[in-house]
Amino acid sequence: MTDVAAPPRLAAERIGSAAPAPDVAELERTWHERGGFWGWLTTVDHKSVAKRYIITAFGFFLLGGILAAAMRLQLSRPENTVLGPDRYNQFFSTHGTTMMFLFAVPVMYSLGLYLVPLMVGTRNVAYPRLNSYGYYTYLVGGLFLWVSLVLNTGPDTGWFSYVPLAGPEYSPGKRVDVWGQAVTFTEIAALVAAVEIIATAFKMRAPGLSLHRLPLFVWAQIVTAFMIIFAMPWVAVASQLLPLERLVGTHFFNPAEGGDALLWQHLFWFFGHPEVYIIFIPALGIVSQVVTTFSRRQIVAYPAMVLALVATGVLAFGLWVHHMFATGLPQMGMSFFTAASALIAVPTGIQFFCWIATLWSGRPRLEVPLLFILGFVVVFMIGGLSGVMVASVPWDLQVHDTFFVVAHLHYVLLGGGVFPLFAGFYYWFPKFTGRMLSPALGRLNFWLFFIGVNLTFFPMHELGIDGMPRRVYTYLAATGWGGLNLLASIGATIIALSVITFLANVAWSLREGDVAGPNPWEADTLEWGTASPPPPYNFAELPVVEGRGGLWSRSEARPVVTGLRSDLREVLVTTVLDAVPDHLHFQPSPSVWPLLAALATGVLFISGIFTPWGFVVGAALVTLALVGWAWPRGKELEDQRRQEQRA
Amino acid sequence: MSSRSVSRRAAAALAAGALVALLGACEREARRFREVPPTVTGMAVVREVDLQPGNPIPVVTARSPYAENAYAVSQGKQLFQAYNCVGCHANGGGGMGPPLMDSEWIYGSAPENIVQTILGGRPNGMPSFGGKVPATQAWQLAAYVRSLSGLVRKDVAPGRSDHMQVRVQEQSLPEQRPRTSTVPPASERP
Amino acid sequence: MTRDWLQSALEAAGIQSARLLPLWRFMWIVSIVVFVLVVAAALWAVARHRRDAAPPPSERGMTRAILGATALTIATLFAFLVLDFSTGRAITRVPHNPLVIRLTGHQWWWEVEYDDSIPQRHLRTANEIHVPVGRPVLFQLESGDVIHSFWVPSLAGKKDQIPGKENSVWFQADTAGIYRGQCAEFCGYQHAKMALLVIAVPPDSFSKWYDSQLQPAAPPADSIAARGQSVFVSSACVMCHTIEGTQAGSNVGPPLTHIASRRTIAAGTLENTRGNLAGWIVDPQRIKPGANMPPNGLSSADLNALLTYLEGLR
C-alpha cells in the first residue's frame, strides 16, 4: 500500500456529461471478487464481509433465541424439570453472551461496515483485509462458544462471570475459559470494525460531505466506534485476567492474597455499561435515517441530534457503578452515578423530541420500517422509564438482580436494538438484495413481535417486585409466581412466531419480492444513489455532495469526481472536517492471509486455555500469518509500480 | 491416488481426531450429581510382594468414575478441606500423616487403593471413614489426592484456591511417578 | 408449602421498605404521564396527515417546543433526584441500639449468628432469622465462598455478601409476620433454592425463642430416638452437621440442634415434615441437584429412627 501526495490532475468535479464516462467494464474487472469457494474465503469487499457478518449474527440471534425458548419452557411452571440447574446455567449464560457479543454488537457495526462506505460515497472500507480478518475472528469465537456448549462445556456463570464463582475454585473445568476467550475473539472483531468505521468515515468521504452534512447513521457509527475503542480494552483485560487466574494461578481477584473480587465487577461494567450504548447508539442512527426518509424531510435540529449522540456516548462511560449499587459502595459516591444515569435520559429525550417534530412537520408514510420505529418508541419508552427507576439507589436495591431488571433490559435491548434493527432491515433489504420485503408479512411480523415482546416482558416487572430473583432455574409453587411466568412463556411463543414470519418473508422476498430499483423509498443518503445491490466498486463515479445528506440536495449538474483510475483499486482520501480531496489511496486485493491470521489467532486463544505454551505457539503462528499478510507479491508489486509511474 | 481423495482422507482423520478430543471435553465437564459409584469392598487388595501360593489371584479393580472429571476432582478438593484431611496430611506436604504430593505410595496409588485407604483405614494412624464418607465422596477425594502428585490430567486438575496460597496449584504440580514405599520406621515418623 | 409469608417490595412491613413507597408512587405516576404524552405525540405526528394536508409548523416553533420539552424533562429528573437522594439518605442512616446478626452466605444456605457480649449467649442457627418486632436489626454480611446477596423485599433492599468485603444492612420489622427472601446474586447450581425466612415476633416471644435455642439438643425421648441419635453420629450426617450436646460438631453444613423448631428445611425449599425430611436425607440431589449434601442410603429402620430423633429436636 502506498500513499501518494495529492496529484494536481484530480478534478474535484465534472459538470454534466462533458467529461468522458468511466470505463465501467474495467472497474468491474478491477474490483471483481473471484467466485467460488476460494473467492468466498479471500474476499475483501466490504459488502460481502458485512453481509456475512449480518447473516452470521442473525444465525446467532436464532440460536440464542432457541436457548431463550428453552428457558421460558423451563420457567413456564413452578418446579419444572425440563432443564436441570447445570443445563439451565449453561443456557442462560450462553444466551446472554451470544445475544450481547455475537448478535447485538456485531450486527450493529456490520450494518455500519456495509453502509458507511456507501453513505460517504467511497468504494470500500479503509482497510479491507483487516476487515475480513475481523469477520473470521468473530466467526471463530462464535463457533468456539457454540461447539463448546454442545459439548457440555458452555459457560455457566452468566454473561458477566463474576468472580469468585467464575474463578478456579468454584468453576472447575474449562467452561469459564471458553467464555473468556470467546469474548476475547469478539472484542478483537469489534475493535477492528471500529477502526474501519472511524478511518472510513473520517478520511474517505466524498468531496463536499463535510462533517456537518454527514448522515446521522454515520455519526452514530462514529460515536459507537469510539466507544468500542474506549470500552472494549477493559473487558479484553478482564477476559484475559480471568483465564490467567484459572490457568496460571494469579491472584488479581483473590482477597486472601491481596486481590479484590470487586475489581472484576469494575472492569467488567466499565465495559459492560457502554456496551449497552454500543448497541443502542447505532440503533438511534437507524431511527434517524428511517424517520428522515419516511417523513420526506431532513431531521429537525440536526446539530442537536449530533450533539445528543456524542453526549450519550460520553455519558455512557459514567454509569457503570449503577450495576453495582448492591455491593456496598459509599452512598455519596453512588449518588453521582444516579445523577449521571438520570442525566443520560436528557440526550435520548432530545432525540425523541426531534424525531417527533420531524414526523410532525413532514409528510409521513406509514411503511413497515416506520411501523417498527413506532414500535421502538413504545417499547423503548417503557424500558427507558424503568431505566430511570433503577437509577435510583433505594429502588435499585429492591429490584436489582430480579426479574424487574430482566424486564428492563429486554425492553431496552429489544426496544432500543431489535425494533430499530427490524426497521433498518426492512429499510435496507432492497439495497442489500435488490428486492423489497413483503409489506403484508412485514406488518404481521411487526404485530406478532410487538404483542409477543410486551406479553413476555411486561409481567416480569411485577415478578421482580414480588421477589423473584434473576438467573433462577426454577421457583417454588408457593411463591405464586407461576401465573405471570406462564404468561411470559406464552409471549415467548409469539415472539418465536414473529421471527419465523420474518424468516419466511426473507426467504419468499429473495425470490418473489418486487424488484426495488436504486431508490425505492426516495431516500436522501448516498447509498440510494447507486444500483441495488451495489456493484463491487459501489459507484461508477464517486459523487460530489452539495448539501446535507446527498441525493435530495443534488443540483441538476450532478457533479462527480473524475480522475480515479479504473484499472487499479484506487480510492479518494479527503480531509477530516471538510472532505476536501487530499490524496489517492491504493487498496489491497483479495487475500487468504486474513483468514489464516484469524485461524492462528484461534490457535492462540483456544490452546491458551489448556496450557500457557498455547500463547507462545499461537503468538508465533500469528506472527507468521502477519508476515505472510504483509509480504509484497507479484500482482501487488506490479500495481504499485503502475500507480507510482503515473504519479 | 488423486489429491482429492488424499485431502478427503486427511479431513476424515482430522474430524475423527477432533471428535476424540471433543468427547474428552465431555467427560471432563460432566456433572453427575446422583451417580452411585462402584463399590470397592473386597477389591483392590494392595500387594507388597508379587509372590503368592498357588495360582495367581487376579486383582479385581473398580475403575474410578472420576479420573478425568474436573468437577469431581474439585469437589474432592472441597471435601479435603471440609473433612479436615489437612489436619494430618497438611495441604499435601504431610504432617502427622504421610505427604500426598510425593512419589511414595505405601498402599497403592490407584484410585481404588486410595478409596480403600479412606474407607477402610490403614494401620499406623489412618482412620477408617467407612460409613461416614459416602462412596461418591471417597472417589472424589481419591481423584483429588491423585492430583496432588500430578497423576491427574492438567486440564482436569484444580487451579488455585480462593485462600492464602499454601503451595503451587494442583494443575501445575509436577507429575510424580508412583513408587511403592514401605511404612517408615517409627523413628523416622514425626 | 402454602404461602403464609410476604415477599414483595410493595408490601412493606418495616420502615426501610416503607420509605420507598412515596418514591415508587412518584416514579410510577410520572412514568405513566411521560409515556402517554410521548407515545401520543408520536402517534399523532404520524396520523395527523392522514385526514388532510395539515399545515407544517414553523421550524422556529418546533425548536421552541423541543427546548420546552427538554427543559420539562430536566425539571422532572431533578425532582426525581431530590426525592431519590432524600430516600437514599434516610435508608443508609445507622440505627440506634440494633440487634446485631452476622449472616454468612454459603453455597446454598445461610448461616445466622446472633452476637452477644456474653459468649455463652452467642447463638448459631441457619436459614431462619427470628427478630423482635419494633427493634432495628443490623446484619453484618459475609460470605463463605462466592458472592451471595441478602434480600427480604418486604423489609429492606438487598446487599451483596462479597468475600473479603464487610457489608452491612439493617431493617426493622414493624408488624409481626413471616417475610421470605431469596439469594439475589447468582451463586451456582442452587441459587434458585437458597431462600430464608425472617420471622418477626413480639419482643418477649423473641427472648423466649432465643433462650430455648441456646439450650443443647433435647436428649432422645425413647429407644427409637436413641437409635436415631446413634445413626446420626455414626453415619455421614456427623461429617458436616452440628447437634449441640452430642459428638456431632462439624460446621460444614447448617447446625441442626433445633431442626424441629424450623418451619422449612433445605434453605427454605421444603416444608419441615417427616416425609420431606426423609426425601431430603435419602436423595437430596433430586430436590437440589448440585447441592453439597450427598445421598444417604440408610436402611428403612435406621431412616425411621433418625427421623424420629430429628423430629424431637425442638
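From the N terminus on, the elements of chain B follow the pattern α-α-α-β-α-α-β. Helices (H or I, at least four residues) and strands (E, at least two) are DSSP runs here, numbered from the N terminus. The model is a predicted one: local features need pLDDT of at least 70, side-chain atom pairs count only at pLDDT 80 or more, and totals for chains, interfaces and linings use all residues. Residues are numbered from 1 along each chain as its sequence is written, with chains lettered from A and ligands numbered from 1 in the order in which they are written.

**Exercise 1.** Count the helices and strands of chain B, then work out what percentage of its residues is buried.

*Solution.* 
- Step one: chain B has five helices and two strands.
- Step two: call a residue buried if 20 or more other C-beta atoms lie within 10 Å of its own, exposed if 12 or fewer, and partly exposed in between, with C-beta atoms placed from the backbone. On that basis, 37% of the 190 residues in chain B are buried.
- Step three: for contacts, two residues qualify if their C-beta atoms, placed from the backbone, lie within 7 Å. Among contacts in chain B between residues at least 6 apart in sequence, 67% join residues at least 24 apart.

**Exercise 2.** Describe the side of chain C that touches chain A, then do likewise for the side that touches chain B.

*Solution.* 
- Start with chain A: 69 residues of chain C are in contact with 69 residues of chain A.
- Next, the elements: α2 (20-51), α3 (59-92), β7 (156-161) and β9 (177-182) of chain C give two or more residues each to that side. α3(C) gives the most, with 17 residues.
- Then the classes. Ala, Val, Leu, Ile, Met, Phe, Trp, Tyr, Cys and Pro count as nonpolar, Asp, Glu, Lys and Arg as charged, and the others, Gly among them, as polar. The side touching chain A has 40 nonpolar, 20 polar and nine charged residues.
- Now chain B: 13 residues of chain C are in contact with 12 residues of chain B.

**Exercise 3.** Find the strand order of the five-stranded open sheet in chain C and follow β5(C) through its pairings.

*Solution.* 
- Two strands count as paired if DSSP finds at least two bridges between them.
- The order is β3-β2-β1-β5-β8 (chain C), with mixed pairing. At the edges sit β3 (123-126) and β8 (167-171) of chain C, each pairing on one side only.
- Neighbouring strands are turned by 25 degrees against each other on average, direction ignored. Axes are lines fitted to C-alpha atoms, for helices over the stretch in contact, and angles run from 0 to 180 degrees between N-to-C directions.
- Zoom in on β5 (residues 137-143) of chain C. With β8(C), β5(C) pairs in the antiparallel sense over five bridges; C:V137 stands opposite C:F171, and C:F139 stands opposite C:V169.
- With β1 (residues 99-106) of chain C, β5(C) pairs in the parallel sense over seven bridges, and C:I101 stands opposite C:F139.
- Five of the seven residues of β5(C) are buried, so this strand is largely enclosed by the rest of the structure.

**Exercise 4.** Take α4(A) and compare its end-to-end reach with the expected one, then locate its kink.

*Solution.* 
- The expected span of a helix is 1.5 Å times one less than its number of residues. Helix α4 (residues 85-119) of chain A has 35 residues and reaches 48 Å from its first C-alpha to its last, close to the expected 51 Å.
- The bend at a residue is the angle between axes fitted to the seven residues ending there and the seven starting there. α4(A) has a kink of about 35 degrees, centred on A:P106.
- As for burial, 33 of the 35 residues of α4(A) are buried, so the helix is largely enclosed by the rest of the structure.
- After α4(A) comes A:G121, whose phi is positive, near 75 degrees.
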